[in-house]
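Subject: Structure handover

Hello,

Here is the structure I promised to pass on. Please open it before you read further; my notes follow below.

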Amino acid sequence: VTRNHPRLAGQGLDLSAADARRAQAEQRPAWELSGSLENVFGTGALGIFDDIEATLSLGTVIELGDKRARRIELTDREAQALRAAQQAERLDIVAQVARQFIEVLHIQAQRALARENRALADRIAHAVDERVAAAVSTAVDKSNAQVARVKAELDEIAVQANLRAAWAGLVTQWGGNPESFGEAVGNLLNV
């Protein structure tokens, strides 16, 4: 789940950036070389290139104290904080997937009950039809049985739609196709 999750896609790049910041912090201040030329064309009657003054300088920043060590320590702590945040994000995603998986198992159990309820409503409607034909029950009883059967069918359809939505939410967590539909295997009593 954590390998394909979109919220975790950039974590490797973040760690690479943290490593690069540490490598940069390890560097000593750069040396600078500069030069300048004065009086290149001379002054007055002296002519060209007679009175040239050239200056060449080489310099660097001298770091006092433990500035470099502190920079490195700071980048190390930032990298540790980043790793901890990334681990917390991974755990959050795993917990979210577990909750969605349990939700799918729960709705699958509801679907099984809805199927049993519809089958029972069908049997009752059939039995009431036979009783009406035998003049033991009234037409009102037949209408009530038919209403109960239709309600049971609608309940089953609603549960099936909820299951498809929950399954799509679960599948997208690991980068799967939300249009695919399967069966989660598990026992709610052992979760």
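Which helix do the buried residues of helix 3 pack against? They pack against helix 2, residues 67-133. Bear in mind that this is a predicted model.

**Helix 3**

Helix 3 covers residues 139-173, 35 residues in total. From first C-alpha to last, helix 3 reaches 52 Å. That is close to the 51 Å expected at 1.5 Å a residue. Its buried residues include Ala145, Ala152, Glu156, Val159 and Leu163. Just after the helix, Gly175 takes a positive phi of about 80°.

**Helix 1 against helix 2**

Two packed helices are described by the angle between their axes and the distance between the axes. Here the pair is helix 1, residues 11-26, and helix 2. The angle is about 170°, and the axes are 8 Å apart. An angle over 145 degrees counts as roughly antiparallel, so helix 1 and helix 2 are roughly antiparallel to each other.

Helix 1 contributes Gln11, Asp14, Leu15, Ala18, Asp19, Arg21, Arg22, Ala25 and Glu26 to the contact. On the helix 2 side, the residues include Arg68, Arg71, Ile72, Thr75 and Asp76. Also among them are Glu78, Ala79, Leu82, Arg83, Gln86, Glu89 and Arg90. What is the make-up of this contact, by nonpolar, polar and charged residues? The count is six nonpolar, three polar and twelve charged.

Asp14 is found in helix 1. Asp14 is partly exposed, with a relative accessible area of 37%. Leaving aside residues up to four places away in sequence, Asp14 touches Arg21, Leu82 and Gln86. Asp14 and Leu82 are 68 residues apart in sequence. In space, their C-alpha atoms are 8.0 Å apart.

**Salt bridges**

Side chains of opposite charge can pair when their charged atoms come close. How many salt bridges does a search of the whole structure find? It finds ten.

One of the salt bridges joins Arg71 and Glu63. Their closest N and O atoms are 2.3 Å apart. Arg71 counts as partly exposed at 28% relative accessibility. Glu63 also counts as partly exposed, at 25%.

Next, look at Arg118. Arg118 forms a salt bridge with Asp122, with the closest N and O atoms 3.4 Å apart. Both residues lie in helix 2, four residues apart, about one turn of the helix. Arg118 is partly exposed, with a relative accessible area of 26%. Asp122 is partly exposed too, with 27%.

Glu156 also forms a salt bridge with Arg118, and here the closest N and O atoms are 2.3 Å apart. This pair links distant parts of the chain: Glu156 sits in helix 3 and Arg118 in helix 2, 38 residues apart. Is Glu156 buried or exposed? Glu156 is buried, with a relative accessible area of 15%. The cut-off for buried is under 20%.

Salt bridges that share partners join Arg115, Arg118, Asp122 and Glu156 into one network.

**Where to look**

Start with helix 3 and helix 2, where the buried residues of helix 3 pack. Then turn to the contact between helix 1 and helix 2. Finish with the network of Arg115, Arg118, Asp122 and Glu156.

Best wishes

Key
Residues numbered from 1 in each chain as written. Predicted model: local features only at pLDDT ≥ 70, side-chain atom pairs only at ≥ 80, totals over all residues. Heavy atoms only, no water. Helix = DSSP H or I, 4+ residues; strand = E, 2+ residues; numbered from the N terminus. Expected span 1.5 Å × (residues − 1). Buried < 20%, exposed > 50% of the residue type's maximum accessible area, 1.4 Å probe, protein only. Contact = heavy atoms within 4.5 Å. Axes fitted to C-alpha atoms, helices over the stretch in contact; angles between N-to-C directions. Parallel < 35°, antiparallel > 145°, perpendicular 65-115°, else oblique. Nonpolar A, V, L, I, M, F, W, Y, C, P; charged D, E, K, R; others polar. Salt bridge = Lys/Arg side-chain N within 4 Å of Asp/Glu carboxyl O.
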